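Biologist: Please take a close look at one part of this fold for me. Keep it simple, and connect it to its surroundings.

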Amino acid sequence: MSHAAEKWARAQTVGNATAKAVLKELAFRLNGKDGLCCPSLKTLCIDLEIKKRDTVLAAVQRLEALGLIAREIERSESGEILRTLYSFPTFVPSEWEDRPKRKVSRKSGRNREIEHGNRTRKGTSNKGIAF
């Protein structure tokens with residue numbers, strides 16, 4: 001599981017709710033060591049509670065056309081699909097990893113910044129202490 005990949009997936013605009021759900025599920029399943037994941041269409045259907053395999057396949061094809069994912073299909077000698085490897089060509093993990101929060105000095109009490117997720121707040125408390 002890759003939290004950075006999940007953040008990246010949530011930030012992408014894909015123009016279709018099903019495709020977005022598939023992208024987020026693939027990102028959730030991403031192996032951070034090799035940058036791949038390989039859930040079957042059946043697994044994606046079950047996990048996303050989508051009844052039609054064709055709906056998930058259309059979403060995967062849309063994501064592939066947008067360049068957000070790439071697929072490599074592994075087949076047996078008889079041509080049967082063994083597994084599909086998914087990768088994320090535009091995802092750069094270092095750009096989406098959580099950064100350590102700065103420590104806030106308790107001495108000065110003025111002009112402190114406190115990070116809340118992706119937001120930084122500045123202000124003064126009801127006791128006149130800057131935060």
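Modeller: Helices (H or I, at least four residues) and strands (E, at least two) are DSSP runs, numbered from the N terminus. This is a predicted model: local features need pLDDT of at least 70, side-chain atom pairs count only at pLDDT 80 or more, and totals for chains, interfaces and linings use all residues. Residues are numbered from 1 along each chain as its sequence is written, and side-chain values use heavy atoms, without hydrogens or water.

Let us take helix α2. It covers residues 17-29, which is 13 residues. From its first C-alpha to its last it reaches 19 Å. That is close to the expected 18 Å, taken as 1.5 Å times one less than the number of residues.

Now look at its buried residues (under 20% relative accessible area; exposed is over 50%, partly exposed in between; 1.4 Å probe, protein chains only). In α2 they are Ala19, Val22, Leu23, Glu25, Leu26 and Ala27. The cover over them includes the helices α1 (3-11), α3 (41-48) and α4 (53-65). It also includes the strands β1 (36-37) and β3 (81-87).

Start with α1. Its axis lies 8 Å from that of α2, at an angle of about 170°. Axes are lines fitted to C-alpha atoms, for helices over the stretch in contact, with angles from 0 to 180 degrees between N-to-C directions. So α1 is roughly antiparallel to α2 (over 145 degrees; under 35 is roughly parallel, 65 to 115 roughly perpendicular, the rest oblique). In this contact (heavy atoms within 4.5 Å), α1 supplies Ala5, Glu6, Trp8, Ala9 and Arg10. From α2 come Lys20, Leu23, Lys24, Ala27 and Phe28. By class there are six nonpolar, no polar and four charged residues. Nonpolar means Ala, Val, Leu, Ile, Met, Phe, Trp, Tyr, Cys and Pro; charged means Asp, Glu, Lys and Arg; the others, Gly among them, are polar.

The loop between α1 and α2 holds Thr13. Thr13 is exposed, at 72% relative accessible area.

Leu41, Leu44 and Cys45 of α3 meet Arg53, Val56, Leu57 and Val60 of α4. Six of these contact residues are nonpolar, none is polar and one is charged.

Finally, Glu49 sits in the loop between α3 and α4. Most residues other than glycine have a negative phi. Glu49 has a positive phi of about 60° and is not a glycine. At 72% relative accessibility, Glu49 is exposed.
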